[in-house]
Amino acid sequence: ATSAPLRCHLAALVLAVLLAAAAGAAAGGEVVQLDDKTFEHHTQAASGQTAGVWFVKFYAPWCGHCKSMEPDWRALSATLEGRVIVARLDCTANPATADRFGELVRGFPTLLLFRDRRVFKFSGARTVEAMAAFATETYAAADAANVPPESTGLERYFAGQARALALFVIRTYDAGEASMKTLRDDVAVVGAGWKAGGFEGARVRAVGAAGAAPALYGTLVVTLALASIAGVMSVAFITAPMANALRNEKKDN
């Protein structure tokens, strides 16, 4: 049987090998994937930048330019090995960091260099040579900006809620536009049925339209029913005091 000390030594050896392999992969030009949780911890962008120089691509998965430059971005990581850490951040999946650098990230891709306790925005040709020169030399000629502070948990929460509300409004508007178009088209279809076959023609077209969009017309029926109930209850609340007053008047007489 393997003794406990030997097992501990073997476990430590395996761990050391794994760490060495990971370090070798990072040093070998692998692009670091950042997110909201790891961005500040890894880059230390606003806390001294003692983790080295970082060149970060802010991108969106649907961006064609972001996709086309990815091979050059990986090549840049290999070119700058040991001098600059090359990374990327998906802005669509990491709203806190995207909002934090919103003044600088106005479109995709945006390339930001973090060094000398400042942040520099790259605006040249997206070639390996030009980006490597910027990261090591020509950045000094570019406009430097202060690194925005890391957002607090409360700020991240409200940013997430605001983003969710905006998406909800956009999706609701799009859904409403699509529903109104369907209604307009169906009214035209039913009208054509009336002209062609009178009431029966209109009925057949209406049934067909309802069958083609059951969710829309089911929601419409439920909405109208709820509105009718609310209307009846409102009338009842309004007229109840009047009815009581009439009854009391009759009693007095």
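## A walk out from F58

Start by selecting F58: its relative accessibility is 0%, so it counts as buried (buried means under 20% relative accessible area, exposed over 50%, and partly exposed anything in between, with a 1.4 Å probe and protein chains only). Before you click on, note that this is a predicted model, where local features need pLDDT of at least 70 and side-chain atom pairs count only at pLDDT 80 or more, while totals for chains, interfaces and linings use all residues. Numbering runs from 1 along each chain as its sequence is written, and side-chain values use heavy atoms, with hydrogens and water left out.

F39 and F58 make a tilted aromatic pair, 6.2 Å centre to centre with 50° between the planes. (Rings of Phe, Tyr and Trp, the last by its six-membered ring, pair if their centres lie within 6.5 Å; planes under 30 degrees apart are stacked, over 60 edge-to-face, and the rest tilted.) Because F39 sits in helix 2 (residues 39–43) and F58 in strand 2, the pair ties together parts that are 19 residues apart in sequence. (Helices, H or I of at least four residues, and strands, E of at least two, are DSSP runs numbered from the N terminus.) F39 is buried too, at a relative accessible area of 1%. Bring in F101 and F114 as well: with F39 and F58 they form one aromatic cluster. A search of the whole structure turns up 11 aromatic pairs.

**Along strand 2.** Select residues 54–59, which make up strand 2. What is the burial count here? Six of its six residues are buried, so the strand is mostly covered. W54, V56 and F58 point one way, while F55, K57 and Y59 point the other, and all are buried. In a regular strand, side chains alternate between the two faces of the sheet. Zoom in on K57: its charged end sits over the ring of Y59, 5.4 Å from the ring centre (the test wants NZ of Lys or CZ of Arg within 6 Å of the ring centre and within 35 degrees of the ring normal).

Six of them form an open, mixed sheet in the order 1-3-2-4-5-6. Its edges are strand 1 (32–34) and strand 6 (144–145), each pairing on one side only. (Two strands pair if DSSP finds at least two bridges between them.)

- Strand 2 and strand 3 (residues 85–90) run parallel over six bridges; among the partners in strand 3 are I85 for W54, V86 for F55 and L89 for F58.
- Strand 2 and strand 4 run antiparallel, joined by five bridges, with L112 in strand 4 partnering V56.
- Strand 1 and strand 3 run parallel with three bridges, and Q33 is partnered by R88 in strand 3.

While you are on strand 3, note that five of its six residues are buried.

**Last stop: cysteines.** Select C63 and C66. Are they buried or exposed? C63 is buried at a relative accessible area of 5%, and C66 is buried at 2%. The whole structure has zero disulfides (pairs of cysteine sulfur atoms within 2.5 Å).
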